[in-house]
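Biologist: Let us go through this model term by term. I will ask what each label rests on.

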Amino acid sequence: MKSLPNQDPVIVRRKRIEAGLTQGGLAAAAEISQAYMSMLENGSASASAPVLKRLASVLSCEIADLMAPQPTRSAV
């Protein structure tokens, strides 16, 4: 069974576009390959903690801002 990526691919892509960056531009600034950046945005790879930190730094946001919202537990 395939695990879910650490980052939310849709959020990462939206943040990148809002920052006015191309995939290649963000990848270069975060010191990762453009191919890896593409995989992060399409959900086929998970970002490590150091990569998440660099992406958040380049995108001027918190690491948590790049993560999928956690489901809340309802009282039973």
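Modeller: Contact means heavy atoms within 4.5 Å. Helices (H or I, at least four residues) are DSSP runs, numbered from the N terminus. This is a predicted model: local features need pLDDT of at least 70, side-chain atom pairs count only at pLDDT 80 or more, and totals for chains, interfaces and linings use all residues. Residues are numbered from 1 along each chain as its sequence is written, and side-chain values use heavy atoms, with hydrogens and water left out.

Biologist: What do the buried residues of α1 pack against?

Modeller: They pack against α2 and α3. The buried residues of α1 are P9, I11, V12 and R16. Buried means under 20% relative accessible area, exposed over 50%, and partly exposed in between (1.4 Å probe, protein chains only).

Biologist: What puts them on the same side of α1?

Modeller: The arc is that of the directions from the helix axis to the C-beta atoms. These residues cover an arc of only 165°, so they lie on the same side of α1. V10 and E18 are exposed, on the face turned away from the buried side.

Biologist: Why does L4 count as exposed?

Modeller: Its relative accessibility is 73%. The cut-off for exposed is over 50%. L4 therefore counts as exposed. L4 sits in the segment before α1.

Biologist: What is the cap at the N-terminal end of α1?

Modeller: D8 is the cap. A side-chain oxygen of D8 lies 2.9 Å from the backbone nitrogen of V10. A polar contact is a pair of N or O atoms within 3.5 Å; within protein, one must be able to donate a hydrogen and the other to accept it, and residues adjacent in sequence count only if both atoms are side-chain atoms.

Biologist: How do you know that D8 has no salt bridge?

Modeller: A salt bridge needs a side-chain nitrogen of Lys or Arg within 4 Å of a carboxyl oxygen of Asp or Glu. For D8, the nearest side chain of opposite charge is R14, 7.2 Å away. Here Lys and Arg count as positive, Asp and Glu as negative; His and the chain ends are not counted.

Biologist: What makes a nonpolar core?

Modeller: It is a set of buried Ala, Val, Leu, Ile, Met, Phe, Trp, Tyr and Cys residues joined through side-chain atoms within 4.5 Å. The largest one here has 16 residues. Those with the most contacts inside it are I32, M37, L40, V51, L55 and L66. The largest share, four residues, comes from α4.

Notes. Helix = DSSP H or I, 4+ residues; strand = E, 2+ residues; numbered from the N terminus.
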